[in-house]
Amino acid sequence: MVQLTKFDSFQNSLKNFLGDDNTLIKRQFLLHKIRVVWPEIAGKLSEHCQPLRIDGKRLVIVADNAPLTNQLFMVKTNLLQKVNAKLAGEYVFLDMSFVSGSLLKNESVAEEKQEEETYTLVVCPRCGGKMESWRKLCFDCDREDQQQREQKLRQQLKATPWLKFEEIKIEGLDKLTFHRIREVLADYYFEKVRLKTATEQDQLQAVLLYTKKLPEEISNDEYKMTLAILAKEDELKE
């Protein structure tokens with residue numbers, strides 16, 4: 001029989017106290033991890049802003065002043081992609097918000113309140129696992145729903161590449177996810193055109209994703225010109 005060390009006993013006691021789904025500790029660890037690499041993510045802007053807290057799948061950034069929050073908002077998508085890339089699938093943020101330094105005290109109070117609520121664990125209505133009281137579903141079930149939404153979106157965009165976000169009827173789908181999946185899908189077909197491995201169907205998908213138009217709105221000349229642009233895109237970048 002393996003004898004437990006004092007450290008093992010402490011870990012077990014901590015696990016029993018906090019529950020199996022120890023998201024609070026995970027969130028604090030993730031926040032620390034993001035803060036360490038924040039200068040690489042935000043560059044010079046990191047001198048005047050930093051990650052403040054994690055609110056579900058939203059990362060809150062605090063900045064020195066209100067004008068800077070507007071500047072950060074303009075590059076939000078790029079910052080969000082870099083943060084998720086650094087985490088390498090460990091956690092995926094779906095949104096990022098910004099507050100000025102004057103709101104730091106209020107944000108800290110809100111964070112403390114949320115942390116207190118986090119210790120109140122309830123049962124996930126779907127799987128029966130433990131989760132924080134502020135959640136609708138546990139992290140695993142929420143992630144499963146997100147994966148299903150993304151799969152449905154891919155299928156819809158493959159069938160109708162010209163659809164806009166407002167025209168997609170997928171419950172719970174957010175705009176950021178829509179643009180991210182659309183960009184990944186577009187890059188896939190664009191690359192096939194550039195490498196000259198695209199079938200006629202692939203070429204059509206690439207043109208539709210590039211122009212965002214209905215098939216009947218694209219003339220033969222525009223179709224050929226779009227393929228030419230995509231095929232030479234690498235050369236144009238150079």
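Q: In which helix do Arg 154 and Glu 150 lie, and how many residues apart are they?
A: Helices are DSSP runs of H or I with at least four residues, strands are E runs of at least two, and both are numbered from the N terminus. Arg 154 and Glu 150 both belong to helix H6, four residues apart, which is about one turn of the helix. The model is a predicted one, in which local features need pLDDT of at least 70 and side-chain atom pairs count only at pLDDT 80 or more, while totals for chains, interfaces and linings use all residues. Residues are numbered from 1 along each chain as its sequence is written, and side-chain values use heavy atoms, with hydrogens and water left out.

Q: What kind of contact does Arg 154 form with Glu 150?
A: A salt bridge is a side-chain nitrogen of Lys or Arg within 4 Å of a carboxyl oxygen of Asp or Glu. Arg 154 forms one with Glu 150, and their closest N and O atoms are 3.7 Å apart. By this rule the count comes to 13 salt bridges. Arg 53, Asp 55 and Arg 58 are joined in a network of them.

Q: Is Glu 150 buried or exposed?
A: Buried means under 20% relative accessible area, exposed over 50%, and partly exposed in between, with a 1.4 Å probe and protein chains only. Glu 150 has 11% relative accessibility and therefore counts as buried. Arg 154, at 30%, counts as partly exposed.

Q: Which parts of the chain does the pair of Lys 57 and Asp 142 tie together?
A: Lys 57 forms a salt bridge with Asp 142, with the closest N and O atoms 3.8 Å apart. Because Lys 57 lies in the loop between E1 and E2 and Asp 142 in helix H6 (residues 139-159), the pair ties together parts that are 85 residues apart in sequence. Lys 57 is buried, at 16% relative accessible area, whereas Asp 142 is partly exposed, at 24%.

Q: Where do Lys 33 and Glu 90 lie?
A: The side chains of Lys 33 and Glu 90 meet in a salt bridge at 2.6 Å, N to O. This pair links distant parts of the chain, with Lys 33 in helix H2 and Glu 90 in the loop between H4 and E3, 57 residues apart. Lys 33 is partly exposed at 30% relative accessibility, and Glu 90 is partly exposed at 38%.

Q: Which residues of the largest nonpolar core touch the most other members?
A: A nonpolar core is a set of buried Ala, Val, Leu, Ile, Met, Phe, Trp, Tyr and Cys residues joined through side-chain atoms within 4.5 Å. The largest has 23 residues, and those touching the most other members are Trp 38, Leu 59, Ile 61, Leu 72, Val 83, Phe 93 and Met 96. Helix H2 gives the most to this core, with seven residues. A second, separate core of 21 residues includes Leu 173, Ala 198, Ile 218 and Leu 227.

Q: How many aromatic pairs does a search of the whole structure find?
A: A pair of aromatic rings is described by the distance of the centres and the angle of the planes. Rings of Phe, Tyr and Trp (its six-membered ring) pair if their centres lie within 6.5 Å; planes under 30 degrees apart count as stacked, over 60 as edge-to-face and the rest as tilted. The search finds four such pairs. The rings of Tyr 188 and Tyr 189 have centres 5.0 Å apart and planes at 75°, so this pair is edge-to-face. Tyr 189 is buried, at 8% relative accessible area, whereas Tyr 188 is partly exposed, at 45%.
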